[in-house]
Amino acid sequence: MSLESVPLDSVNPPAGSAPAVAGTPAVLTPDATIPRRRAVNGFVNRFLLPFPVFAVFIGGWYLVTWLALTPQQRFMLPYPHEVVKVGFLNWSNLKDILEALRYTCTVTFIGLGISIVLGVAAAILMNQAKWLENGLYPWAVVLQTVPILALTPVLSFFFGFALTSRTIVCVVIAFFPIVSNTLFGLQSVDRGMHELFALHRTGRFTRLWKLQLPAALPAMFAGFRVAAGLSVIGAIVGEFFFKQGNAGLGTNLSVYSSRLEGERLWATTLVASLLGIAVFVFFGWLSRRVVGRWYQPNRG
Amino acid sequence: MTTETPPAAALRFAGVSKRFKDGTVALADADLTVAPGEFVSVVGPSGCGKSTLLRIASGLDDVTGGEVDVHSTSVGYVFQDATLLPWRSVRDNVRLLAELEGMGRAERDRRVADAIELVGLSGFEKHLPHELSGGMRMRTSLARSMVLAPDVFLFDEPFGALDEITRERLNDELLRMFVQRGFAALFITHSVAEAVFMSSRVLVMTPRPGRIKTEVAVPFAYPRDPEIRYSAEFAALCGEVSHHLRDA
């Protein structure tokens, strides 16, 4: 057997590789056709299928407003076209919403950034020392379950009613999925891989850097994605309570709801949801960019 | 320069026993020797502690009795599973152990290129593990160990998950590397034909608790012609090993 020949057991030979050994059965590469079909299916599934649901949702909205509410009650849930007309087609109203969106984005991204740094760091520490995990993890769970409402007086006393307190609320809400997913990812590295590193007496830092962190990336990104959605909620909840400083979406929600301005309330709510969807989609895209090359969740 | 005479054994087990914490006795009084440059296979019923032999030889597990000597500057270990890092290309996977051992860059790159050529993966350096067949993943795993030029090589059923054709092909190629590099090999398998084809001695183990029951010498000289698989003598040897296994 000559050294230059392509191994018989090969699949997907690279373009321009040595010609197959004479007598080699044609190499089967069904993969070549699959990505395209998958891409088309992906497009249909991801972008077209949600539309019927959207239509049903809007139809249901009209029905509820029309049937369940008297004209005097409709300020609570105005017709969708009223929401669009007042909230989005009136420039001064739209400008309020967009400006609020900007501040909410600021809180969201600062809070998410802090959550990612703290969450990943906490998970690494817990992974490195079992006693830290045992000591800290239950409190991470508690942090997740404590009603944020209960914290607001204390937060406002120490950190005031503006950006700092808003960001803290955001971090408290977004922190946990990052810790738990990162920890899970670091801990679910294949035992065989650990033994391979152990055979070469690899230090724990090298093992963390070359084995555990890369292996944990898919789980970490799943956590970031959930946390991104939660940090939008965190920012809005924070603004709802801490109203000093620039008005964010949460601030406006609170104002509009107290003034019974249904149209602007719902327009703001829709924008807040869109922001949540946008960060969720962004992290999905980022995840595919970073780990999609080698990590394929089992689908199809 | 050392004045020591080369040791008679690259690998020696004397009365080795292993009892796990749950009370299972994996090995009882196991004796075996692998001389430098010798290829020895171990066959035995599943669960007889074959893999435990290797785990002990490599230091992954310790013994509960007996003595183990490994005379080696570098031990290679090929697992049942290719254990490649899925985010690293073939080349980067092959480089891994050299990286962990802190080998200099120039030396490392040269050895990585050699090892990739040795296992026949030239042209596939940039492929990721999920783009490779099982056989090619195993080649990558072999190359990764070859980079460190081990003088003692432990194989834990490395080709057990492969189809017959791929397995025979990799057997031929591994023997070629063995002849070229001259390492001592302890090869675990549950394929009798593979054991006979590869080694100069086949050790047969008893069911748990495992001990070495008997050994069958294989007289074929290296390098071996793949065609010896179809000789009457080869068949007779396989028959002999199989009989020992059945009576084990």
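Student: Which residues does A:Phe240 touch, not counting residues up to four places away in sequence?
Tutor: A:Phe240 touches A:Gly250, A:Leu253 and A:Ser254. A contact requires C-beta atoms, placed from the backbone, within 7 Å of each other. This is a predicted model: local features need pLDDT of at least 70, side-chain atom pairs count only at pLDDT 80 or more, and totals for chains, interfaces and linings use all residues. Residues are numbered from 1 along each chain as its sequence is written, while chains are lettered from A and ligands numbered from 1 in the order in which they are written.

Student: Why is A:Phe240 called buried?
Tutor: A residue is buried if 20 or more other C-beta atoms lie within 10 Å of its own, exposed if 12 or fewer, and partly exposed in between, with C-beta atoms placed from the backbone. A:Phe240 has 20 other C-beta atoms within 10 Å, so A:Phe240 is buried.

Student: Where does A:Phe240 lie?
Tutor: In helix 9 of chain A. Helices (H or I, at least four residues) and strands (E, at least two) are DSSP runs, numbered from the N terminus.

Student: Which residues of helix 10 of chain A are buried?
Tutor: Helix 10 covers residues 249-258 of chain A, and its buried residues are A:Leu249, A:Gly250, A:Thr251, A:Asn252, A:Leu253 and A:Tyr256. These buried residues pack against helix 4 (91-128), helix 9 (204-241) and helix 11 (262-291) of chain A. Just after helix 10, A:Leu260 takes a positive phi of about 55°.

Student: Now chain B. What makes strand 1 and strand 2 of chain B a pair?
Tutor: Two strands pair if DSSP finds at least two bridges between them. Six bridges join strand 1 (residues 11-19) to strand 2 (residues 25-34) of chain B, so the two strands pair. They run antiparallel. B:Val16 stands opposite B:Ala30 in strand 2 of chain B. The hairpin has five residues between the strands, and there B:Gly23 takes a positive phi near 95°.

Student: What are the domains of chain A?
Tutor: The assignment gives domain 1 (41-77) and domain 2 (80-291) of chain A. Their centres, taken over C-alpha atoms, are separated by 28 Å.

Notes:
Domain bounds come from an automatic or database domain assignment. Two residues are in contact if their C-beta atoms, placed from the backbone, lie within 7 Å.
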